[in-house]
Amino acid sequence: MTAETRHFGTEVGRLLDLVVHSLYSDREIFLRELVANAADATDKRRFLALSDGALALPENAAIRISADKEAKTIRIEDSGIGMSKEELAENLGTIAKSGTAGFTAQLASATPEERPSLIGQFGVGFYSAFMVADKVEVISAKAGTDEAWKWTSDGKGQYTLETAERGAPGTSILLHLKPDALEYLEPIRLKTVIGKWADHITWPVEIEEDGKFEAATSGQALWRKNRSEITPEDYADFYRHVGHHFDEPFATIHWRAEGTVEFNALLFIPSQKPFMPVEESRDSKVRLHVKRMFITDEAKLLPSWLSFVVGVVDTEDLPLNVSREILQATPVLEKIRKALLNRVMTELKAKAKDEAAFKSFLEAFGAVMKEGIYEDTGHAAEIAGLLRFASTKEDATTLDDYIARMPEGQSDIYYLAGDAAHLKTSPQLEGFAGKGYEVLLLGDAIDAFWPGRLGTYKEKKLVSVSQAGDLFAAGDVPEAIARLCAKLKETLGEEVSDVAASSRLKDSPAMLVAAEAGPDLAMQRLLKRAGRPVFGLPPKLEINPAHRLVEALAAKEDVREDAHLLLDLAKLQDGDLPENPAEFVKQIAAALAGKA
């Protein structure tokens with residue numbers, strides 16, 4: 001029979017050009033798309049065979065891929081349901097049967113963000129083959145018939161249909177590779193692509209090498225098995241495979257969600273922070289699969305403050321765009337995200353009952369979870385309730401236990417944020433020790449941010465000790481101390497908002513405190529180190545009237561040389577640096593020389 005030539009149509013040709021050159025960001029996706037189609041066709045034949053035994057699959061049904069280096073072609077074959085002449089024309093000769101000029105124009109003018117919702121209506125994954133091939137031949141024999149047909153196209157506006165020979169039902173796709181796509185003639189390259197994108201599909205994928213077909217997939221979708229069928233070793237092996245970790249998982253979460261949205265999930269919470277030579281992305285890398293086929297690890301299935309959780313989510317309810325790379329805006333995905341977050345939080349609450357194990361987990365990931373208090377206001381209190389904090393009375397305490405220990409008269413939760421090495425010796429704590437008030441010691445960088453965002457916990461306000469001046473009533477100030485405060489303020493000028501006698505210092509000569517409104521001292525230090533402007537009033541300098549150094553300064557007429565030294569001493573006590581380290585060293589050296 002003479003080959004019959006048909007035209008795609010002008011608008012469909014333009015759409016095909018967009019699919020090939022604009023839609024896909026990674027050329028290797030073509031192999032995933034063709035394998036996915038082959039798997040779907042095989043699944044369809046298996047289903048139909050349940051009611052028609054004549055359609056039964058052969059025992060060795062598989063998807064087979066072979067490369068011919070001399071001919072520069074790749075062949076993908078399956079034993080699926082196959083296609084008739086009409087189906088080849090309908091499925092491959094048109095693009096979703098509605099490639100209108102209006103739609104094509106709309107797609108061409110759409111932004112990258114808008115394209116997914118447009119293209120998602122059209123099943124055109126097959127055409128990704130033209131990214132790597134300048135000619136595609138499809139030979140297909142529909143199961144239950146005696147005919148085979150060949151579809152051929154260069155993707156430039158037309159295709160041909162003609163009779164063909166095929167010994168068994170199924171479909172064969174022959175790709176004539178472009179000169180810049182010859183890398184896919186190498187079996188190792190094909191295996192790498194299949195292993196990345198299609199390792200867990202139902203049907204085995206085999207790749208020819210040295211004249212023999214060898215398995216290229218594991219075919220084991222562990223997350224779809226019943227938990228009773230899986231050993232701890234199976235879980236551990238898969239955890240190391242999917243997360244590239246070498247520790248034992250802190251928690252394994254394996255369940256099937258049923259209801260308005262159905263999916264299988266297998267998630268792992270690591271026990272140790274992995275070594276990263278460079279800082280990695282904060283986005284969640286939980287893998288999204290549809291019908292076992294890997295789609296992306298960039299769906300952000302969990303919030304960034306749970307980015308350490310690894311694993312797989314597999315659903316059949318999620319609509320995808322044509323490339324399977326960019327997900328449509330869909331409430332289904334949001335429901336999956338919400339379900340995953342709730343399930344992980346439930347698991348963490350259960351694991352928190354083992355104090356020793358949970359303490360080790362928080363040492364690795366506590367700082368990351370604190371980011372959730374700042375970023376996720378809907379779960380901030382829930383996250384805060386899970387965390388453990390060092391304090392002036394405990395090595396690790398929950399906020400609930402802190403509240404339970406609060407003495408009569410204490411109404412707020414007090415904390416000190418800063419460099420962990422200097423917190424316990426900070427002069428900020430002296431007055432609180434005198435009152436018997438416990439103070440949380442927060443040594444992570446994020447600790448300068450989240451308390452202010454959280455605001456309150458169980459109706460208790462979180463207050464930085466550097467902003468708790470109202471807690472300590474000022475007593476009578478000796479006249480000499482009052483004069484000293486005025487002299488220091490005059491000398492220091494705008495470096496401080498005020499200088500005053502302190503009623504809370506016991507052992508230290510001076511300290512800095514922040515204004516009640518605006519950032520506390522820890523936040524101010526972080527802003528300075530980042531080169532950011534510090535908003536709000538400068539800190540206030542409080543001096544200890546009972547300290548020998550302050551008494552000696554009060555007896556002097558001229559304290560101009562001593563004022564900056566005192567200010568730098570106050571900064572150093574809280575882990576900050578003097579404004580002029582070289583000048584500070586000279587002053588200390590001069591002071592020591594005077595005593596020698």
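First, a term: helices (H or I, at least four residues) and strands (E, at least two) are DSSP runs, numbered from the N terminus. Leu565 sits in one of those helices, H17, residues 560-573.

Now the ground rules. This is a predicted model, where local features need pLDDT of at least 70 and side-chain atom pairs count only at pLDDT 80 or more, while totals for chains, interfaces and linings use all residues. Residues are numbered from 1 along each chain as its sequence is written, and side-chain values use heavy atoms, with hydrogens and water left out.

Overall, the protein has 18 helices and 22 strands. Buried means under 20% relative accessible area, exposed over 50%, and partly exposed in between (1.4 Å probe, protein chains only). Of the 596 residues, 50% count as buried.

Back to Leu565. Is Leu565 buried or exposed? Leu565 counts as buried, at 14% relative accessibility. Contact means heavy atoms within 4.5 Å. Leave aside neighbours within four places in sequence, and Leu565 is in contact with Phe584, Gln587 and Ile588. Take Gln587: 22 residues along the chain from Leu565, with the two C-alpha atoms separated by 7.1 Å.

Next, helix H6, residues 187-197. Its buried residues include Leu190, Val193, Ile194 and Trp197. Viewed down the axis of H6, the buried residues fall within an arc of 130°, so they line one face of the helix. That arc is taken from the directions from the helix axis to the C-beta atoms. What covers them? Among the covering elements are helix H2 (29-49) and strands S2 (63-68) and S3 (73-78).

Let's look at H2 against H6. The axes come within 9 Å and cross at roughly 65°. Axes here are lines fitted to C-alpha atoms, for helices over the stretch in contact, and angles run from 0 to 180 degrees between N-to-C directions. H2 and H6 are therefore roughly perpendicular to each other; that label covers 65 to 115 degrees, with under 35 roughly parallel, over 145 roughly antiparallel and the rest oblique. Which residues meet? Ile29, Leu31, Arg32 and Val35 in H2 meet Leu190, Val193, Ile194 and Trp197 in H6.

Last, two lysines. Lys72 lies in the loop between S2 and S3. Lys72 has a positive phi of about 60°, although it is not a glycine. Lys72 is partly exposed, at 43% relative accessible area. Lys300 also has a positive phi, near 50°. Lys300 counts as partly exposed, at 45% relative accessibility.
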